[in-house]
Amino acid sequence: MTVARPTAPIVGERREPLASRPHFADVLAAEWIKLRSLRSTWIAHGATALAVLAINVGTAYDTYAHWGERSADGRAAYVRDGLPLQVAFTANAALVMMLALGALGAVALLGEYSTGTIRTTFAAVPARGSVLAAKTVVVAAVATVFGAGVAGASFAWTQAVLGGRGAGMSIGDPGALRLVLASALLAPLCAMTGLAAAALVRRTSATLIAVVVLVLVLPVALTDGRRWSAVAGHATLFQAWSRLTDAGASGTGFPWTTGGAWTVYGAWGILAGLLVVAAGRRGDV
C-alpha cells in the first residue's frame, strides 16, 4: 500500500486564513449590543429627556398662565417677533442636553477603559480604528434618534400649550423647522464631542471636565466684546445653536450668518469623528 506524503507548500502560494477578519458591519453590531445592554444608558437618556421637556414645557405653561398680563400690542408683538420659538427649546434646556449627552458619549468609551474590557475588544478586533469608528457611528446614531425625539416632542408640546392663547406656531412657520433640526443635531454633536474627549484623555474626571469646558465654559467666556473673542465664540456649539434658533437676524456687534453656524456644526462633527479614530490607533492600551 502506498502512503501519501504531505505535499510541500508551493512557494508564493496564498493560504486562506483560518478565520476571516470581522467586517465593519459585525463590529457595528457588537458595539450596538454593548451599548444597548447597559441599563444605565437608557435610564440616563430617559432622565435627560424628562429634564429637557420639563424645562421647555414649564416655560410654555408659565407664559400661558401670565398671558393676560400682556397688553394687546405685547401679545401681537410676541407672536410677530417669533418669540414662541424661544420657548420651543430654551437655552437652559439646550445646556442641560449638551452636558448630559457629552457625558453619555464619554462614558460609552470610558467604561471600557476603566474596566479593562477595551483590551478584550482590541484583541478580538486588532483594527483599533475600525472599533472606534463603529463606536462613533453607534453613539451618534442613538444620540440623533434621541435628539430628534426630544426636539420634536418639545416643539409640539410647547406650541400646543401656547396655542391655547393663540400664540402657538406650526412647523411650517419661518425658523421653526430650523430650530427643531438644530436642537436635534445638537445631541449627536455633543455625544461625539464627549466620545472624542474620552478617546484622547482616557481619564474619567479629566474627560468630564474637558466636556464641561467645551460645551459650557467656552461659549460663556467668549463674548462679543472683541472681534477675536466673537469669532472664537462663534466656533462653539452652543453659540452656533443660539444663532440657528434665533428668530431674527444676529443682533451682536459682530454678526454672522446661519450658514456659518451650520458650518460650525459640520466642522465639530467631522473633527470629533476624526479625533476618535486617530486616538484609537494609539498603542498604549
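**Figure 1. Leu274 counts as exposed, with a relative accessibility of 57%.** Exposed denotes a relative accessible area over 50%, buried one under 20%, and partly exposed anything in between, with a 1.4 Å probe and protein chains only. The model shown is predicted: local features require pLDDT of at least 70 and side-chain atom pairs pLDDT 80 or more, whereas totals for chains, interfaces and linings use all residues. Residues are numbered from 1 along each chain as its sequence is written, and side-chain values use heavy atoms, with hydrogens and water left out. Leu274 belongs to helix H12; helices (H or I, at least four residues) and strands (E, at least two) are DSSP runs numbered from the N terminus. The C-alpha atom of Leu274 is 8.7 Å from that of Ala133, although 141 residues separate the two in sequence.

**Figure 2. The chain contains 12 helices and zero strands.** Read from the N terminus, the order of elements is α-α-α-α-α-α-α-α-α-α-α-α. Of the 285 residues in the chain, 41% are buried. The accessible surface amounts to about 14,900 Å², and carbon and sulfur atoms contribute 65% of this area. Accessible areas were computed by the Shrake-Rupley method with a 1.4 Å probe; for residues, only the protein chains shown count as cover. Among contacts (heavy atoms within 4.5 Å) with a separation of 6 or more, 77% join residues 24 or more positions apart.

**Figure 3. Helix H11 (residues 237–245) is largely enclosed by the rest of the structure, because eight of its nine residues are buried.** The buried residues are Leu237, Phe238, Gln239, Ala240, Trp241, Arg243, Leu244 and Thr245. Their cover includes helices H5 (91–115), H8 (176–201) and H9 (204–221), together with H10 (227–234) and H12 (258–280).

**Figure 4. Helices H2 (residues 39–65) and H7 (residues 128–163) pack with their axes 9 Å apart, at an angle of about 20°.** H2 is therefore roughly parallel to H7. Axes are lines fitted to C-alpha atoms, for helices over the stretch in contact, and angles between N-to-C directions run from 0 to 180 degrees. Angles under 35 degrees count as roughly parallel, those over 145 as roughly antiparallel, those from 65 to 115 as roughly perpendicular, and the rest as oblique. The crossing of H2 past H7 is right-handed; a crossing has this hand if the near helix is turned clockwise from the far one by less than a right angle, and is left-handed if anticlockwise. On the H2 side, the contact is made by Trp42, His45, Thr48, Ala49, Val52, Leu53, Asn56, Val57, Ala60, Tyr61, Thr63 and Tyr64. H7 contributes Val142, Phe146, Val150, Ala153, Ser154, Trp157, Thr158, Val161 and Leu162. This contact of H2 with H7 comprises 15 nonpolar and six polar residues, and no charged ones. Ala, Val, Leu, Ile, Met, Phe, Trp, Tyr, Cys and Pro count as nonpolar, Asp, Glu, Lys and Arg as charged, and the others, Gly among them, as polar.

**Figure 5. Helix H1 (residues 24–36) packs on H7 at an angle of about 55°, with 9 Å between the axes.** H1 and H7 are therefore oblique to each other. H1 passes H7 in a right-handed crossing. In H1, the residues of the contact are Phe24, Val27, Leu28, Glu31, Trp32, Lys34 and Leu35; they meet Ser130, Val131, Ala133, Ala134, Lys135, Val137, Val138 and Val142 in H7. The contact of H1 with H7 has 11 nonpolar residues, one polar and three charged.

**Figure 6. The axes of H8 and H12 cross at roughly 25° and come within 9 Å.** H8 is therefore roughly parallel to H12. The crossing of H8 and H12 is left-handed. H8 supplies Arg178, Leu181, Ala182, Leu185, Leu186, Leu189, Met192, Thr193, Leu195, Ala196, Ala199 and Leu200. These residues meet Thr258, Trp262, Tyr265, Trp268, Gly269, Ala272, Gly273, Leu275, Val276 and Ala279 of H12. By class, the contact of H8 with H12 holds 17 nonpolar, four polar and one charged residue.

**Figure 7. Arg202 lies in the loop between H8 and H9.** Although Arg202 is not a glycine, its phi is positive, at about 65°. Arg202 is buried, with 9% relative accessibility.

**Figure 8. Ala232 is located in helix H10.** Its relative accessible area is 30%, so Ala232 is partly exposed. Ala232 and Leu218 are 14 residues apart along the chain, and 9.0 Å separates their C-alpha atoms.
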